[in-house]
Amino acid sequence: MESTARARLTAIQRILRQRDFGVLVAAVLIAAFFSVITPVFLTPYNIFNILRQTAELGIIAMAMTILIVAGEFDLSVGAIYAVTGVVTGFLATRLGLDIWLAATAGMAAGLLLGFLNGLLIATTRINSFIATLSTMMVFRGIAMVLSQGQPISFKLDFFMDLFGRAEIGGMLPVPVLWFAAWGAFAYVLLHRTTFGVKVFATGDNREAADLAGIQTMRVKRVAFLLTSLASGLAALISLSFLKTVTPTQGTGLELEAIAAAVIGGTAMSGGVGSIIGTFLGTFIMAEVRTGLVLLGTDAYVQEAFVGLVIALAVIVNVRLSARRR
Amino acid sequence: MGEPPFLVVQNVSKAFGPTRALDSVSLAVEKGTVFGLAGENGAGKSTLIKILCGVHSPDAGNVALDGRPHRPRDTEEAEKAGIAVFHQEIPVCPNLSVAANVFLGPAMPRRGIGPDWKRMNGRCVELYRSLLGEEIDPERLVKDCTAAEKQLALLVRVLSREARLVILDEPTTALTPPEVARLFAIVQRLQKQGITFIFISHMLEELVQLSDTISVLRDGRNVGVLRRGEFELQRLSEMIAGRTLSRTAPRNPLRGGAPHMEVKGLGLPGEFQDVSFRLQRGEILGIAGLQGSGRSALVRALFGAPPAATGEVVVEGRPVALATPVQAMAAGIGYVPEDRKALGVFHDMDVKTNVCMAGIDRYTRRGFLDTPGLRRTACQMRDGLSIKMQSVDAPIRSLSGGSQQKVLISRWLALKPSILVMNEPTRGVDVGAKKEIIDLILGLSAEGYTFVVSSSELDELILLSNRILVMNRGRVSQELVAGEATKDKLVLAATT
């Protein structure tokens, strides 16, 4: 009986009922619009370029999606991104440590900060907006003190190739591979494991989840660790590509990550969201930016456009999900 | 009463798609009376109310208010015509004072650019005296008021705007019995001042007590009108259900043997103290008591949410720690909470995930989520408990209240616990589903499940329980065995 009920839906209906369908349509429409206007838009080179530019944001946004679905969010990801970079740079250049060791220590520092975020929220139960707003400033301060406000440059190394600079077949930039690998990891974790179910349950109805024996605080703490891990990975990609880190890098990254998740249909109230949606949300933001550059638009206008896209995406999404109900 | 009735509803019909919510319903309400409206969930009560207050417009038929046709286009017009509704959830501004909540709106008294607090407070006190015959501190914040006091504030609010017909939609669900008595006294006082009421309640005793006339809706039709003097609970429940609720359910004899669960001297300061009982396998222990008697806190403590401060619980001869739900689950205890929406259901998820949520980690195969396993368990539960649904992949929101409640029960059955603690297992479900849930509990106890059921519905407890503990001010005031438990005795033990 079960299977007949499902078979009754045609393939098209099933696609239409997917949550992410609306975002996909938006991404395709925007791509179509720009490729009509500028012929260079829809070339493999440009698409890979868009993906490379947005890989760091996308990696963080996907982890942020898991956290938002669990009912919290993290404003300190941009600062963690800076701390990981600065710690790595400090150890590698000032102390002359091997880049691999330095990068491992940088990632560990980032994870520690994520752990502290989770601890702060679990023990004090402060709203995560306030809690991570304060840790954002503290963490940024750590990056500033360690680097004395100065950028740190690296010597070229195989490490840089592996994380940021190599182009496979002269075409596919390696950050895109990291983006894809992290995306696959996040997708499986959120949509194909029992941990993912617990994340959704925690954000959907926290008290009911507690009463179903789910340790919601532990779920949230793991999600905070994941956002810090993503920030660390993004920081390594950035320092590898640019061969330099600055203590101010990643300012505003937290809000862009939240925006990408929201464009992708993640509900700020928790319990609703998807990794594919967030991927598409990140992609839409990058599409609009790149497209406007190719059109030769004034750089100051671009931010305003991205803002409009966010508002539009959310309005459309609310309408669509209201109709689904 | 020579004049025409105050409110006349004539052959009103309303359909939503294929569903006929109202099918040619007619009724008449006399001025200054209380008109009781009874019926299961989905019988058409809400639709009728929504037509009266301008949310829906009827497909056919007429409504006349005070001799004039009444066809409000929106709620504002209905309000102007003098119709006010009380919903189950009371919308108030909790951080404002009682007086501010009463006068909030364009007509709020002003002095200069600011509100005229002195006049507002004075008028608020006057209104409470003249309308309700009660004293009030107008500067008290609404968030510090009880549910009953909030309701009264709203009542004063609508009456100060010259409401002539007040619709009370389940006004008593959040109230304690003394508060209900107080509300009823006020309604009767207002009735004498010429205010007309439509009163909706699931509690038949309340309908009988307050109403002058009771009309029963079933499947969108008016199946009968009873006047004061003809009221009879048995007859009313038959009219509502269209069938009789069986009073003599078969109860299985207990097997005896060693106690399955033993509770010794359980206590939680400020909630309950010194509660002890023993349960045999397959026994159903009912727990009765008013709100605030410690009844609800006691059953929550059995699931560690939150735990008791003192005392000991022994399951199958072994003392168990019940500090968290996880520990309670490890001891073989499951818990169906009292508030389905707030504490039970995951609203954005489908049925199968809702069924399998407790102990979700069992559905792991090679590290991944075992979706076919979820589906299998959910289908098993759907068939075993005959839960009505389109498919186990359907969103939980598409199920009726009764079916959702069954899903919450099945969540624990899927885990195969041995003891099920239930808090208000039939709250907010209609008469038919209520009977099914009661039969389900009886059937499961025959299979060897042991139950602790806390409920505010005494009939239900008497029907279910092998034994009933009555809680009063945090202590067990009486213990009654199946045969000897009657409603009078329970009420007496709970209230004195």
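Trainee: Which residue is the bridge partner of B:Val315 in β17(B)?

Mentor: Bearing in mind that this is a predicted model, the bridge partner of B:Val315 in β17(B) is B:Arg318.

Trainee: What makes β16(B) and β17(B) a pair of strands?

Mentor: Two strands pair if DSSP finds at least two bridges between them; 3 bridges join β16(B) to β17(B), residues 318-320 of chain B, and the two run antiparallel, so they meet that requirement. They form a hairpin with 2 residues between them, and B:Glu316 in the turn has a positive phi of about 50°.

Trainee: How do you know that β13(B) pairs with β16(B)?

Mentor: The requirement is again at least two bridges, and 5 bridges join β13, residues 261-268 of chain B, to β16, residues 310-315 of chain B, so these antiparallel strands count as paired. One of the links has B:Glu262 with B:Val314 of β16(B) as its bridge partner.

Trainee: How many residues does each chain give to the contact between chain A and chain B?

Mentor: Chain B gives 32 residues and chain A gives 22. On the side of chain B that touches chain A, 19 residues are nonpolar, 8 are polar and 5 are charged.

Key. Residues numbered from 1 in each chain as written. Chains lettered and ligands numbered in written order. Predicted model: local features only at pLDDT ≥ 70, side-chain atom pairs only at ≥ 80, totals over all residues. Contact = placed C-beta atoms within 7 Å. Nonpolar A, V, L, I, M, F, W, Y, C, P; charged D, E, K, R; others polar. Helix = DSSP H or I, 4+ residues; strand = E, 2+ residues; numbered from the N terminus.
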